[in-house]
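Thanks for coming, everyone. Let me put the structure up on the screen, and then we will walk through it piece by piece.

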2 protein chains.
Amino acid sequence: MALIVQKYGGTSVANPDRIRNVAKRVERFRDQGHDVVVVLSAMSGETNRLIALAKEMNEVPPPRELDVLVTTGEQVTIALLAMALLKDGYDAISFTGAQVRILTDDAFGKARIQAIDADRIRGHLGKGRVVVVAGFQGVDEAGDITTLGRGGSDTTAVALAAALKADECQIYTDVDGVYTTDPRVVPAARRLETITFEEMLELASQGSKVLQIRSVEFAGKYNVPLRVLSSFGEGNGTLITLEEGNNMEQPIISGIAFNRDEGKLTLRGVPDIPGAAYKILGPIGDANIEVDMIVQNIGLDKTTDFTFTVHCNEIKKAQAVLEQVAKSIGAREVVANERIAKVSLVGVGMRSHAGVASRMFKILADESINIQMISTSEIKISVVIDEKYLELAVKALHTGFGLDKPAE
Amino acid sequence: MALIVQKYGGTSVANPDRIRNVAKRVERFRDQGHDVVVVLSAMSGETNRLIALAKEMNEVPPPRELDVLVTTGEQVTIALLAMALLKDGYDAISFTGAQVRILTDDAFGKARIQAIDADRIRGHLGKGRVVVVAGFQGVDEAGDITTLGRGGSDTTAVALAAALKADECQIYTDVDGVYTTDPRVVPAARRLETITFEEMLELASQGSKVLQIRSVEFAGKYNVPLRVLSSFGEGNGTLITLEEGNNMEQPIISGIAFNRDEGKLTLRGVPDIPGAAYKILGPIGDANIEVDMIVQNIGLDKTTDFTFTVHCNEIKKAQAVLEQVAKSIGAREVVANERIAKVSLVGVGMRSHAGVASRMFKILADESINIQMISTSEIKISVVIDEKYLELAVKALHTGFGLDKPAE
């Protein structure tokens, strides 16, 4: 008899048949005596359809009105799921974000949750009802409808789980858990039974797109046990927890993330004067370009090379900014390279194991893969390599760190 | 500088182009210095699409959840219109029924308005904003979403106009006003400049489907000047007012309504005993069948014939009920006739003019049309005739009472 918050994404509620499948899954948990709160996204494609409609009216849709528009998507799915549950004889009631009073700030399109009225939901659970809540949406102090931004339904689920002190927050998606790396690249990739929030954050921000980063941060902060599962199959998925496994055989590395979506910019021949880094990255920040990895090498001739990576979509814009910077500080040239890939080893085990980096570099060297940039954090080592070696590098590291599935 | 409430129906907001047209019309009123509150329906077809989705989940959709579902339709159109106005540089803000706090009872699917928070709207009008409100929907004391029932957007508009003490409530529709009768049947039918609420009620309930009856009742009760106009053309439409025209040439008859949707049931040879009418109509009411006209003729042989009309859809059901009644009270037989039509003359001028009924009967007699039933009220005379004579009767009455357009 637990209290479980379940979140189903757009593909899980894409049509009436799938919504009925969600109902059946919810009902199995009810039959086991659990209290269930369900958080739903809009039908897949619906939010994009609504945004396209908005753009027909106004190329830059006003954010307040856009939120009024797109929140209809989840309002449709919550009503349909409640209807399906009621038809099957399970008591159920749907709520929009405003009704449950998921109170947010007034940053339309990217609002942040400030409070949730858990008592109202508890009251209905106490009456034996399944409570179905619209994800992704809330309401501000003025009563205006807000949204939490793309993928915000995960955040809604975690916030509800935290407010209700739920025993588990289950995120149903189209993958059956978190893998050691992308199984499409490394067929030997294994599903992880558990992973820590920290590791999950590093994996997510490195491009393993299973969960929205914000929801993982949120779950970590409030210590909400988070489980990623498939809404189409069975299985236990992956549990994301605060504690590191107490398994003595805890692997050093939990997973390998990679990312092809970045490009590299190098400013050559930067005069080695104090404040050079700020003079370079200040204008980049002013242009609202997010920077990921940064490396500066000191050269022999009193000049340095300054290198950083940005998202591919931003590289042209960043390059134009840098050309200006180069002139003003007297740097030699700007070089851009989009044909790079980033590979990251992630694992809390690194904390207690020395030599992970050198082992990584050796594996790559054995494959004759040149490393262009290196960046490390407490539980992560990232390298930038030539894009064409990406698959080779990930496979070699996966095997080298003992992540491959045992042969059957 | 007036305060005007404008309501646009589903065909007027059926797609982005039409919504832009609505925006242009609103903007013309703003340019003239008027304050404008706009009430919108869902895009035509949308409510039916949502109901079909609901029925896929649950053949008898639970009313509370159905209201959560269908109210998304207007939430989409209000956001889109606000976006169009903002794009054109006109300040605008949209509100759902719950946000404006159109407080209703909790009769989901057919809720009645109890109060409206006019201050919130006035505040935005005072800031020079067009206020765009979702029609058809409200919220109950518990915060649950409700709907006013089909056509409820007219009611929303009138209720807002009453709460705001608006100078005029304009109902934009696909006809350009109220006509003396259906122009498809009588090409000589004229558009009326004005009509009284009472007349409009009789015309509406008799089958002239321009406005929802409830909204007309509401407008009459709160003396809201109501104007019916075309959302596609120009023109002044028809103004519906409390006062009878002070025109000395006020016609006796304002319009002719007709209705082919009724069927007639006769119970022959009913013993002429007290309570017979109740014994007949009680079971009909218990079966939730609405009765329109009722006539009882006393025969010579101590039995009577009892005749009434019901909607065509109900005639089989009513006949089955009557067969039981006939047995229990010892009536001779039940006769049903669906091939009838009802024709009604409507006009406040009847009050001060005697002889309208006899003039009507003479016109019909001159055309050799037999009258099967007669029913009268203060401002209306209805007759039931054989369906095949309907067009002939309406044309003859239209000419006979001087309603034809003057020849050009």
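Predicted model: local features only at pLDDT ≥ 70, side-chain atom pairs only at ≥ 80, totals over all residues.

Residues are numbered from 1 along each chain as its sequence is written, with chains lettered from A and ligands numbered from 1 in the order in which they are written.

Start with a single residue. A:Val356 sits in helix α12 of chain A, residues 356-366. Buried or exposed? A residue is buried if 20 or more other C-beta atoms lie within 10 Å of its own, exposed if 12 or fewer, and partly exposed in between, with C-beta atoms placed from the backbone. A:Val356 has 20 others within 10 Å, so it is buried.

What does A:Val356 touch? Contact means that the C-beta atoms of two residues, placed from the backbone, lie within 7 Å. Setting aside residues up to four places away in sequence, A:Val356 touches A:Ile252, A:Leu345, A:Met350 and A:Ile381. Take A:Leu345: 11 residues from A:Val356 along the chain, with 9.1 Å between the C-alpha atoms.

A second example. A:Ile280 belongs to helix α10 of chain A, residues 276-286. A:Ile280 has 23 C-beta neighbours inside 10 Å, so it counts as buried. Beyond four places in sequence, its contacts are A:Leu267, A:Phe306 and A:Val325. A:Ser328 is 48 residues away from A:Ile280 in sequence, and 10.0 Å away in space, C-alpha to C-alpha.

Now the two chains together. Chain A can be laid on chain B with an RMSD of 0.1 Å, by a turn of 180° and a shift of 0.1 Å along the axis. That is the relation of a two-fold axis. The superposition is by least squares, on C-alpha atoms of residues with pLDDT of at least 70 in both copies. Which residue of chain A comes closest to the rotation axis? A:Thr72, with its C-alpha at 2.6 Å.

How do the chains meet? 26 residues of chain A contact 26 residues of chain B. On the chain A side, α1 (16-31), α2 (46-57), α3 (63-70) and α4 (72-87) each give two or more residues. The largest share, 11 residues, comes from α4(A). By type, that side has 17 nonpolar, six polar and three charged residues. Nonpolar here means Ala, Val, Leu, Ile, Met, Phe, Trp, Tyr, Cys and Pro; Asp, Glu, Lys and Arg are charged, and the others, Gly among them, are polar. 100% of the interface residues of chain A are also interface residues in chain B, so the copies meet through the same surface.

Next, the core. A nonpolar core is a set of buried Ala, Val, Leu, Ile, Met, Phe, Trp, Tyr and Cys residues joined through C-beta atoms within 7 Å. The largest one has 217 residues, and A:Leu81 and B:Leu81 have the most contacts inside it. A:Leu81 touches A:Ile19, A:Val22, A:Ala23, A:Val38, A:Leu40 and A:Val132, again leaving out residues up to four places away in sequence.

β1(A), residues 3-8, pairs with β2(A) in the parallel sense over six bridges. Pairing needs at least two DSSP bridges between the strands. A:Lys7 stands opposite A:Val39.

Over to chain B for the sheets. Eight strands form an open, mixed sheet in the order β3-β6-β2-β1-β9-β11-β12-β10. β3 (92-95) and β10 (194-196) of chain B stand at the edges with a single partner each, so one side of each has no neighbour in the sheet.

Last, a four-strand open sheet in chain B: β13-β18-β20-β19, with antiparallel pairing. Its edge strands are β13 (255-259) and β19 (371-377) of chain B. Inside, β18(B) and β20(B) pair over seven bridges, and B:Lys342 has B:Val384 as its bridge partner.
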